[in-house]
Amino acid sequence: MLKLIKIFLICIFFLSITTNLIGETRYVSKTGGVPTPPYTSWATACDSMQKCFDYCVTGDTVYVDRGIYRETIYILDKDLTIIGVDTDECIIDGTGIEGLHNYWALFEVNNLIIVLKNLTFKKKDLDGNIYDYGVCAINSFCCIENCIIDSTHHSLYMDNGGRIGNVIIKNAHLGIRIYSTSDLSTYSIGNCIIQISSRDSFPGGLDNAPGGGNFNINNNIFIFKPILNTAFGLSIRSNQKVKINNNIFYGFRTSILAAAQQGTERDTTYIINNTFTNSYSYGIETGNMVKHYIIKNNIFANTGNGIYSYGNPGDVDYNMMYNIPGTLYHNLPAGAHDTIADPMFVNDTAVVLGGTYNYRLQKFSPAIDRGDPNILDVDGSRSDLGMFGGPFGESYLYQNLAPKPVKGFNAVYQQDTNRVKLTWKPNTESDFKQYYIYKDITANFTIDSTKRIGVLTDTLYYNILTKGTQKVYYKVTAIDSTGNESRPRTEVNVTITENEETIITENYSYQLYQNYPNPFNPSTTISYSLKDPGEVRIKLYTVTGELIKTIIEGSKNKGYNETKIDMSNYTSGIYLYRLEVTGAGKIPVFNDLKKMVFVK
C-alpha cells in the first residue's frame, strides 16, 4: 500500500511539472510598459508580483524583471514557476511590512507545487532586526534554485518535501525549518551556503523536529557567526533514511545532532565525508533513538570534542581527529582505522561569506586515500577524508604548499656559557622535514643560504656569542620533504653591550594571537605583539558583547607579550577578548577581537 501511495504522489508531482510546460508565460516588471492583463509580454508586464500571481492559474510560468519589489506575497492553490532574470538585482524586499497571512512571511505559499529561481528575498523590521519567515511553503512541495534569502528570522519553512539548490541563506536565526510529519516526504538540500548570525537561543542551520521524511544533505557550507554554545548546524530527527555527505560545518555548538522518534522502525543515518571545525562542544551527537548510523571519512579539527553517542552502537571508522582537547569518543570505541593527525588544509582560516578559507587537502596530507576502501572518490581511487572526498566530492589538484610559519619563536641569553638559547613550537605537517636557523647583523634582513647557521629537526638551538658589543638578529623557518620553506614569522634581536648587559627584542608588527590552549579549562594564555611601545588594554566580553572586565591596562614595551587568565569562576561558553593599543598623542593604532572557548 505504501508503494502505491508513493507512486501516486510521484505521478501527481510530474503531472504538475508537465502542466507547467503547457501553461501561460507571464511577466512582471517595475519599469516595463503599460500593465495590462494577461501580462503575456514585457510591454504589458504587471507592475506588481502579487497582482500577477492573483491573475495566474495553475501551470503558469512568471518571469520577473530586475527591480526592488516592496511587497509581501501570498499564493494559494496554484502551481507556479517563478523565475527572476537576475538573482542580485531581482529583489523582493519586505522590510517593515507584515505578511499577508498567518505566518507574517515575506513569500508564503499554500497547497501547491512552487518553483522559485534567481530571486532575492529580504525582510527586516524597520529598526533593522530580523524577523518572521522568508519563504514559507505550507502543505506544498517547494523547489528553490539560485536564490538568496537575507535577514529573516526563519529563512525557509517546508513541511511537504522540497529541493533546495545553490541557495545562499544569510543573517538568519534559523536557516531551514522543516516540520515534516510524513515518512513519504523527501528533502534535498545541496550546494547551499547557510550562515546563521542570530544571538537568540537555539538557532541553527537546519532543524527538523517531528521526525518524518527522507533527507539528502550534500555539498553545503554551514556557518555560525558569531560562535554560540546553543547552535546546532543540523538537528535532524527522522525515522527515515538520512544522508549527510560532503558538507563543512564551522562554529556551531554541535555540528550535527542526529536523532529519531519513538514509533516506526528506524532507517539508517549516514554521515560521510564531512569536515567539522571550530565546534564548541561536539562534532556529532547521536540521539538515543538512533539505532543505525554510519559515521565514516570525516575530519574533526579544532573542536571541543569529537563524537558523542547515547550508547547505541554504530559503524564508526576511518575518521580523523586533530587538535581536540576534550573527549574524542563518548560511549563508543574509536574506529580501528581512525587517525589523529594534522589534516593539512590549504587554508584553515575562519569560514565566512566571501572569505579566503580553503578546506581542500594539501599534497602529502595524511587524509588522502585514508577513507573506507569501499567508498571511492569521483576519480575511482580510494576516498579521501573530509568534505571533498567520496563519490559526492570533487577531483582537484593537490597543492604542494610550504609549511606554516613557526610559532612561539623566542631567545634567552645564558651569560655563564655565552650562549643564546632559541626555542619555538613544533610544526605538525606530516611532510615536515627540518628547520633552518638564520643569523645576521642587520635588522629585517632577507634570508638566504649565506646567513643560515643551523639545520635541525629539534625545536631548540644554541648559538655562541663572544663577549663585547654585539647586535645580532635571528629567524627560523620550517622546511618540508620537498624543500618548500615557510616564511619566517618573527625576527628576534639579541644585543650584548661592552659591560655584558643583554638586551633581547623582537621585530614585530601589531598582532593579537589566538589564545592557547583553545578550548581551555580553566586557564589560557593570551599573547600579542607591539610594533612600538603603547598604552594597552585587553578586555574580556561575553559573546553578546557585554564587557566583563579589563584584563590588562597600562603601558607596554615594543615586542612580544603574553598574559595568563584563569576562568574558574566563570561558566562554560564562548568569550571574546579585544586588544586596544594607543600610541603617541593618544592616537589609536591597533584594535583586534578574537574568540575563545571555555569548557569545564
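Contact here means heavy atoms within 4.5 Å. The legends below describe a predicted model.

**View 1. Ile82 and its contacts in the predicted model.** Ile82 belongs to the largest nonpolar core, which has 69 residues. Ile82, Phe107, Leu116 and Phe121 have the most contacts inside this core. Helix α2 (residues 49-55) supplies the largest share of the core, 3 residues.

**View 2. An open sheet of 3 strands.** The strand order is β38-β39-β42. Pairing is antiparallel. The edge strands are β38 (410-414) and β42 (460-464). Each edge strand pairs on one side only. From one strand to the next, the twist averages 25 degrees.

**View 3. The pairing of β38 with β39.** Strand β39 covers residues 419-423. β38 and β39 run antiparallel and are joined over 5 bridges. Gln414 stands opposite Arg419 of β39.

**View 4. Strand β44, covered on both faces.** β44 spans residues 491-496. How many of its 6 residues are buried? The count is 6 of 6. In a regular strand, side chains alternate between the two faces of the sheet. On one side of β44 lie Glu491, Asn493 and Thr495. On the other lie Val492, Val494 and Ile496. The residues on both sides are all buried.

**View 5. The partner of β44.** Strand β43 (residues 470-480) pairs with β44 in the antiparallel sense. The pairing extends over 5 bridges. Which residue stands opposite Asn493 of β44? It is Tyr473. Asn493 is also one of the buried residues of β44.

View 6. The chain has 2 helices and 52 strands. Of its 600 residues, 53% are buried. Among contacts with a separation of 6 or more, 58% join residues 24 or more positions apart. The mean pLDDT is 87. Some 89% of residues reach 70 or more. Over residues 1-21, however, the pLDDT is below 50. Beyond near neighbours in sequence, that stretch has 14 contacts in the model.

Conventions: Residues numbered from 1 in each chain as written. Predicted model: local features only at pLDDT ≥ 70, side-chain atom pairs only at ≥ 80, totals over all residues. Heavy atoms only, no water. Core = buried A, V, L, I, M, F, W, Y, C linked by side-chain atoms within 4.5 Å. Buried < 20%, exposed > 50% of the residue type's maximum accessible area, 1.4 Å probe, protein only. Helix = DSSP H or I, 4+ residues; strand = E, 2+ residues; numbered from the N terminus. Pairing = 2+ DSSP bridges. Axes fitted to C-alpha atoms, helices over the stretch in contact; angles between N-to-C directions. pLDDT = per-residue confidence, 0-100.
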